[in-house]
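This briefing is meant for a reader who is new to the structure shown below. Please keep the sequence and the model in view while reading.

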Amino acid sequence: MSTYPRKKAKLGKFKFASVLFSTTLSLFILGLFGVIIIQAKTLTKIIRENIEIQVFLNKNVTESELKAIGKSFESKPYVLQSGDSLAITFISQDEAAKSFLEDTGEDFTQFLDDNPLRDSYTIAIAEEYQTAEQIEEIVKEIEAMNGVFEVTYMEDLVESINKNLFKVALVMGGFIMILVFTVVMLINNTIRLALFSQRFLIRSMQLVGATRGFIRKPFLGRAFVFGVLSGIMASAILLGIIEYTKANIDGFALLQDYNLLYALFGGLIIIGILLSVLSTLQAVNKYLNMSLDELY
């Protein structure tokens, strides 16, 4: 009867496919939630950029007063900086009348001798000034300016946005904690199970005089590679899903912040390395400290 030589186990070698799959899946889930947070942050920014104050001016305001009011707004810290310019829009009474005609289809100039609409400024408020109390202070300050007739804003909308965003932040914070704990446990348990088959080889290396560092080195090296590969694969899958969705859903591109996305992908690789290496180190140390009886 012919016999086949038994294949020798190699130190540091453990189940490649199962560990890579589990680690990639865990990082993908973590990254997917990260993408949702980034898009929620971008959406929140878009919503907040639409919080505006409308300033209606007196009918008899002079050209010099009009320019003085505009200059005054440009110097205020509460005005939103949109790109290289300030989010201040001037609408003359003639432009307001034209817009009214386009929106309603009614031309009030046919039965009114004078245009009842007023010149106005629309000011977008910077995010750090968007609490109800701060906006109320801004409104009082503007109302005290010469040439200002009335200041209006959607008070209920501001309060609703702030309350809802706070609730969403609490819920997402709770999900993040649960998700991080789940990912850590999943990766840790997967690696521990993969290293279980190596426990006797670790013991054999101890018996022939190998140092702890020598035994750990191949395991940690492979764990590092697994972490890098898992992070790259999870990031590539996420990027593919994002690009596919962007190409098929109108407006989805507006929610993308690629600087944050690339930072997230880099973070996934780092997290993959840290979790893989630390979980492997913990498992190897556990078997190094076990007695022969405990290994069985």
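The points that follow go from the whole protein to its sheet, its salt bridges and some single residues.

The model is a predicted one, in which local features need pLDDT of at least 70 and side-chain atom pairs count only at pLDDT 80 or more, while totals for chains, interfaces and linings use all residues. Residues are numbered from 1 along each chain as its sequence is written, and side-chain values use heavy atoms, with hydrogens and water left out. The protein contains 9 helices and 6 strands; helices (H or I, at least four residues) and strands (E, at least two) are DSSP runs, numbered from the N terminus.

**Overall figures**

- Of the 296 residues in the protein, 35% are buried; buried means under 20% relative accessible area, exposed means over 50%, and partly exposed lies in between (1.4 Å probe, protein chains only).
- The accessible surface comes to about 18,300 Å², and 61% of it belongs to carbon and sulfur atoms; such areas come from the Shrake-Rupley method with a 1.4 Å probe, and for residues only the protein chains shown count as cover.
- Among contacts with a separation of 6 or more, 83% are between residues 24 or more positions apart, where contact means heavy atoms within 4.5 Å.

**The sheet**

- An open sheet is formed by 4 strands in the order β4-β5-β1-β6, with antiparallel pairing; two strands pair if DSSP finds at least two bridges between them.
- The edge strands, each pairing on one side only, are β4 (88–91) and β6 (148–152).
- From one strand to the next, the twist averages 20°; axes are lines fitted to C-alpha atoms, for helices over the stretch in contact, and angles run from 0 to 180 degrees between N-to-C directions.
- Strands β4 and β5 run antiparallel and are joined by 4 bridges, with isoleucine 91 having serine 120 in β5 as its bridge partner.
- Strands β1 and β5 pair in the antiparallel sense over 5 bridges.
- Strand β1 (residues 52–57) is also joined to β6, by 4 bridges and again in antiparallel fashion.
- Valine 55 has tyrosine 121 as its bridge partner in β5 and stands opposite valine 151 in β6.

- Because 5 of the 5 residues of β5 are buried, the strand is largely enclosed by the rest of the structure.
- Both faces of β5 are covered, with Ser120, Thr122 and Ala124 buried on one side and Tyr121 and Ile123 buried on the other.
- Helix α2 (residues 63–74) lies across β1, β4 and β5 (120–124), and runs at about 5° to β5.

**Salt bridges**

- The structure holds 2 salt bridges, a salt bridge being a side-chain nitrogen of Lys or Arg within 4 Å of a carboxyl oxygen of Asp or Glu.
- One of them joins the side chains of glutamate 141 and lysine 76, at 2.8 Å from N to O.
- This pair links distant parts of the chain, 65 residues apart: glutamate 141 is in helix α4 (residues 132–143), and lysine 76 is in the loop between α2 and β2 (81–82).
- Glutamate 141 is partly exposed at 34% relative accessible area, and lysine 76 is partly exposed at 22%.
- Glutamate 243 forms a salt bridge with lysine 246, their closest N and O atoms being 3.3 Å apart.
- Both glutamate 243 and lysine 246 lie in helix α7 (residues 212–248), 3 residues or about one turn of the helix apart.
- Glutamate 243 has a relative accessible area of 31% and is partly exposed; lysine 246, at 28%, is partly exposed as well.

**Single residues and a surface patch**

- Threonine 280 is located in helix α8 (residues 258–288), and its relative accessibility of 0% means that it counts as buried.
- Leaving aside residues up to four places away in sequence, threonine 280 touches Ile191, Leu195, Phe219, Leu220 and Ala223.
- Leu43, Ile46, Ile47 and Leu254 make a nonpolar surface patch of about 340 Å²; patches are made of residues with over 30% relative accessible area and no salt bridge, with like charges joined within 9 Å and nonpolar side chains (Val, Leu, Ile, Met, Phe, Trp, Tyr) within 5 Å.
- Isoleucine 47 belongs to helix α1 (residues 16–48) and is partly exposed, at 35% relative accessibility.
- Phenylalanine 100 sits in helix α3 (residues 93–104) and is partly exposed, with a relative accessible area of 33%.
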